[in-house]
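Have a go at each task before you read the solution.

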Amino acid sequence: MIQGFIMEQRRYERRRSGGYLFCCVVAVLLWSVASAQIRYSISEEVNEGTVVGNIAKDLGLDKSSLEERKYRIVSSSADPLFHVNQNDGVLYVSRKIDREEVCAQSSTCLINLKTVLENPLEVHYVVVEVLDINDHSPSFPEKVTTLEISESVLPGVGIPLQHARDPDGGLLSVHQYKLSPNEHFSLEVRDMGEDGKIPILVVQKSLDREAAVSHSLVLCALDGGKPPKSGEMNILVNVLDINDNAPVFSQEVYSVTLDENAPIGTTVAQVNATDLDAGPNGEVVYSFSSIVNRRLLQLFDINPLTGEIVVKGLINYEERDKYEIEIQASDKGFIPLATQKSVIIKVVDLNDNAPEIEVTSFSSSIPEDSRPGTTVALISVNDLDSGLNGKVICSVDEDVPFSLSPSLQDKMYSLVTKSPLDREKQSHYDVTIVAKDAGQPSLSSEKTISVVVSDVNDNSPEFSQSPYTFYVTESNEPGASVFSVKASDRDENENALISYHIVRDGTEGNKWASFLNINSESGDILALKSFDFETLKTFQFQVVASDSGTPSLSSNVTVNVFILDQNDNAPVILYPVSSNGSAEGVEEISRNVNAGHLVTKVRAYDADIGYNGWLLFSLQEVTDYSLFGLDRYTGEIRILRSFTETDEAEHKLVILVKDHGNVSLSATATVMVKVVEPEEAFAASYVKSATKDDEDSNVTFYRMITLGSISTLFLISIIVLIAMQCSKSTEYTSKYLQETNHDGTLCHSIQYRSGEKRYMLVGPRMSVGSTIVPGSHANTLMLPDRRTPGEVRHFW
């Protein structure tokens with residue numbers, strides 16, 4: 001009959017299962033629309049791949065961006081129960097769910113899922129309720145149990161029986177017990193809270209051992225399913241002879257407290273019971289009742305003689321904060337009598353669990369231009385303790401530009417930037433998050449995450465010098481590198497990749513830039529033509545350095561170029577010059593001239609300047625060295641002594657004119673000196689002057705042009721040098737003139753005497769080892785005599 005009833009109930013369950021599941025899903029969807037948190041329901045044991053719900057649709061998310069934003073479920077489990085499809089946002093079941101495995105016998109089984117969208121960061125919480133199905137039948141620990149009951153037991157005495165267990169929860173667990181009909185016994189069910197419903201066999205009518213030695217009963221346990229499932233246990237009751245006094249406990253209620261993590265062997269409580277019988281019938285022994293959960297038998301033990309309850313295993317408040325143990329006191333009578341009493345043990349929480357930190361980073365790096373308040377990572381903390389022991393406070397180091405911002409969700413924090421970032425100052429941060437509870441003593445834990453600051457193009461290239469000053473020797477080889485500029489950028493990668501170009505705006509001041517070219521990668525500058533110092537002394541141009549960032553940043557620098565003179569011009573003889581263009585001349589002097597008489601003056605010039613243009617005169621060939629003398633600086637030829645009768649009437653002087661260049665260049669002039677008698681000299685002088693006027697009329701014009709050009713070039717050089725000296729900074733001047741001008745001038749002078757006259761040779765100031773020597777052609781000035789005869793001064 002019972003079997004037919006169960007089959008009928010099962011057919012009814014199949015008819016109702018489809019409608020029941022549909023109603024549950026509709027109810028959950030309506031609830032999730034009104035709630036701030038998405039909630040779905042699904043039955044346990046559904047197949048893998050079953051659709052739970054469309055999260056993207058319910059949240060109103062753009063399905064096309066889910067894969068790009070890396071939509072996923074954050075889970076620390078290696079075998080998660082659910083997974084989300086990144087293409088359409090549908091939540092699927094990853095494997096079969098056993099509700100009894102996930103939530104034990106909890107009335108409601110809720111699984112909290114944390115889903116995230118990266119770039120930008122979004123966090124959504126999904127709750128999935130796993131609905132129980134009646135997939136387990138109640139079962140007893142033993143199929144057959146034997147009870148021994150004295151015939152003297154009075155009606156109303158209750159004997160606890162082993163209760164049935166059903167892994168299903170709520171209404172689908174053990175709902176009721178049924179006892180097969182028997183006139184001597186009835187069934188009473190006691191609700192023990194977490195331990196479930198306990199069946200108690202109540203003696204309904206006094207037993208008579210002589211009438212019946214034993215009784216066979218069947219105890220049936222039914223769950224709350226529709227149809228219900230059941231399990232059975234056979235009970236054999238043996239009727240014993242009289243032992244008419246049962247032990248009595250000394251207290252009505254036993255309630256004690258116990259600290260969690262109490263050492264094994266710690267005494268929890270001691271119960272005491274007495275029996276009014278004498279002999280073995282009055283000796284009491286203690287034990288746990290047969291209805292005590294097996295888990296409790298692993299945690300506690302009882303001394304059968306003293307009734308002392310001691311700790312046997314690890315007591316963990318986080319696992320269970322209260323235990324109720326049924327203690328049985330039995331006598332040693334031939335037919336023992338027993339009494340049960342509950343001992344309530346309340347576990348006291350200790351601060352034995354440090355906070356747990358879970359960090360989910362949503363970006364491998366954060367741009368340096370991120371605004372304060374930008375989210376870097378999401379942090380969740382949890383403490384298994386309760387009360388103050390479970391209250392957690394999170395913090396980060398003060399010396400990092402990050403802070404923790406509490407989330408609306410309990411025990412959730414966001415790691416955000418609190419100040420602007422600068423990758424050039426620091427590109428990497430190790431942020432240590434410290435979680436500390438409020439227990440005594442306090443426990444803490446920490447977690448370090450690495451934050452990389454990515455580069456943005458916020459730095460312009462910087463030149464190593466500003467402005468640049470370079471010196472180029474004239475007659476340089478066209479196409480060769482003459483100098484180089486260099487810029488650096490504090491950014492990295494493409495933002496620091498620099499290219500160079502020369503500004504070519506076509507203005508008059510920038511015309512020389514067209515004769516230069518620059519290597520865009522190295523900054524090496526090449527001259528496309530050879531420079532001539534005599535044509536160009538200095539010029540400037542601008543170079544621009546640009547990085548490869550987006551948008552590109554650039555900076556420019558002025559480059560000053562000074563052309564250095566080379567000794568590339570040989571001296572040119574201006575006088576004497578004969579009618580055929582050769583450097584030859586004839587001078588006639590009277591035989592009666594005195595020592596010191598000026599015979600003639602050799603004049604020459606050099607287009608170079610400085611040492612390269614400073615000329616020295618020397619006698620390369622002369623018929624009589626005792627008769628003629630040559631001033632090495634002015635080129636004046638003078639008589640050293642008076643003529644005698646034995647001196648020849650014609651003398652040939654070959655004068656060598658050379659400059660001071662490293663590789664000296666030179667020219668020669670020939671002067672023929674004819675010695676005549678005073679009367680002849682006067683006549684020759686007259687004739688010569690008349691003839692010479694005619695002969696030199698064609699040459700004078702060219703000499704005037706030459707001398708005018710030399711004088712003009714000299715004056716321009718002096719003016720330019722003075723202007724540069726006055727306008728440029730001390731640093732610039734020190735680069736151009738490497739030796740300090742102690743007397744405040746740009747020239748030097750050499751003073752000497754010749755006869756009754758004093759001369760000073762004015763020329764450019766020179767110093768040994770100078771790299772660049774500004775100046776002009778030497779000039780000779782006649783000064784009034786202010787010194788003693790024979791004194792010569794040199795000014796350098």
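**Exercise 1.** Work out how exposed R641 is, then find its salt-bridge partner.

*Solution.* Next, look for the partner: R641 forms a salt bridge with D647, with the closest N and O atoms 3.1 Å apart. A salt bridge here is a side-chain nitrogen of Lys or Arg within 4 Å of a carboxyl oxygen of Asp or Glu. Finally, check D647, which is buried at 11% relative accessibility.

Before you go on, some ground rules: this is a predicted model, where local features need pLDDT of at least 70, side-chain atom pairs count only at pLDDT 80 or more, and totals for chains, interfaces and linings use all residues. Residues are numbered from 1 along each chain as its sequence is written, and side-chain values use heavy atoms, leaving out hydrogens and water.

**Exercise 2.** Find where E283 and K332 sit in the chain, and how their side chains meet.

*Solution.* First, the link: E283 and K332 form a salt bridge at 3.3 Å, N to O. Now place the two ends. E283 is in the loop between β18 (273-274) and β19 (284-288), and K332 is in the loop between β22 (322-331) and β23 (338-348), so the pair links distant parts of the chain, 49 residues apart. (Strands are DSSP runs of E, at least two residues, numbered from the N terminus.) Last, the accessibility: E283 is partly exposed at 38%, and K332 is partly exposed too, at 41%. The whole structure has 16 salt bridges.

**Exercise 3.** Which residues touch the most other members of the largest nonpolar core?

*Solution.* The core has 28 residues, and the ones to pick out are F463, V485, Y500, F539, F541, V543 and V559. (A nonpolar core is a set of buried Ala, Val, Leu, Ile, Met, Phe, Trp, Tyr and Cys residues joined through side-chain atoms within 4.5 Å.) A second, separate core of 27 residues includes F249, Y286, L299 and I345.

Methods. Buried means under 20% relative accessible area, exposed over 50%, partly exposed in between (1.4 Å probe, protein chains only). Helices (H or I, at least four residues) and strands (E, at least two) are DSSP runs, numbered from the N terminus.
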